[in-house]
Amino acid sequence: MSEQYYVVNIRVYLDKNKPTYIGGETLYTLLSDFECPNPDVQHFLQHNAIEFTKKDQSVTYLIFNADDASLAGYFTLAVKPISINAGNISKTMAKKLARVSILDAASGCYTTAAYLIAQLGKNYALPKDKRIGGTVLLDFALEAIDNLKYSVGGIMEFLECEDNSFLLDFYSQNKFKLFDVRITNTTYGNEPHKLVIKIYIVERLIINIVLIISRFFMQIL
């Protein structure tokens with residue numbers, strides 16, 4: 001991974017038994033330096049990330065520039081259930097899923113727990129030459145998941161993507177393939193709106209297993 005950046009789990013800033021403890025108030029101040037064109041991405045980091053981590057709903061990781069410790073970006077991970085329609089996958093993929101999931105004969109869906117990349121965003125408050133690239137940001141998130149898989153197991157991670165051609169092109173370039181589409185309602189502020197959620201599936205050749213990947217509310221490019 002790039003030596004230009006380093007990653008910090010925000011738990012170390014919130015744990016009073018750690019020498020890195022700074023407390024919630026100081027951490028809020030640090031996060032206030034983050035800016036993103038996607039309001040959901042910015043709002044989550046500055047208003048939800050700390051509480052979600054304290055409640056074990058998810059864990060947020062901060063990425064810093066190694067040269068000046070400026071906040072370059074962040075990602076948030078969680079473990080969530082996912083349902084996968086057996087009719088949308090090959091027999092080979094089904095065999096791999098069967099190791100860690102249950103097939104509901106009535107619905108024809110596999111249900112399993114998977115690692116969710118819940119948020120992914122870079123800091124637009126930095127000058128362009130200091131901003132982290134989308135691929136580097138995504139790689140940090142996947143590396144963190146690989147470390148979790150090494151420690152506790154699991155074979156799948158997923159994220160959801162807004163129906164945006166710019167983002168979809170990015171994922172296609174990173175060898176992601178369309179897996180499914182669904183509609184969801186979300187609200188930010190007082191303006192509810194609909195999002196088309198596209199789920200992606202990719203086989204990472206390095207470990208030769210199938211990973212379910214989708215994406216939700218992320219600004220990475």
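1. Buried means under 20% relative accessible area and exposed over 50%, with partly exposed in between (1.4 Å probe, protein chains only). At 0% relative accessibility, Y74 counts as buried. F34 also has a relative accessible area of 0% and is buried.

2. On the basis of the note: this is a predicted model, in which local features need pLDDT of at least 70 and side-chain atom pairs count only at pLDDT 80 or more, while totals for chains, interfaces and linings use all residues. Residues are numbered from 1 along each chain as its sequence is written, and side-chain values use heavy atoms, with hydrogens and water left out.

3. Helices (H or I, at least four residues) and strands (E, at least two) are DSSP runs, numbered from the N terminus. Strand 2 covers residues 59-65, with V59 in it. Seven of the seven residues of strand 2 are buried. In a regular strand the side chains alternate between the two faces of the sheet. From strand 2, V59, Y61, I63 and N65 point one way, and T60, L62 and F64 point the other way.

4. Two strands pair if DSSP finds at least two bridges between them. Strand 1 (residues 5-9) is joined to strand 2 by five bridges, and the two run antiparallel. Strand 2 and strand 3 are also antiparallel, joined by six bridges. I63 stands opposite V7 on one side and has G73 in strand 3 as a bridge partner. Strands 2 and 3 form a hairpin with five residues between them, and A69 in the turn has a positive phi of about 60°.

5. What does V59 touch, leaving out residues up to four places away in sequence? With contact meaning heavy atoms within 4.5 Å, V59 touches N9, R11, T53, F75, T76 and L77. The C-alpha atoms of V59 and T76 are separated by 5.6 Å, although the two residues are 17 apart along the chain. V59 counts as buried because its relative accessibility is 14%.

6. Rings of Phe, Tyr and Trp (its six-membered ring) pair if their centres lie within 6.5 Å; planes under 30 degrees apart count as stacked, over 60 as edge-to-face and the rest as tilted. By this rule there are five aromatic pairs. F34 and Y74 form one that is edge-to-face, at 5.4 Å centre to centre and 80° between the planes. F34 is in the loop between helix 2 (23-31) and helix 3 (39-54), and Y74 is in strand 3 (residues 71-85), 40 residues apart.

7. Y61 and F75 form a stacked pair, because their ring centres are 4.8 Å apart and their planes are at 10°. Y61 lies in strand 2 and F75 in strand 3, so this pair ties together parts 14 residues apart in sequence. Both Y61 and F75 are buried.
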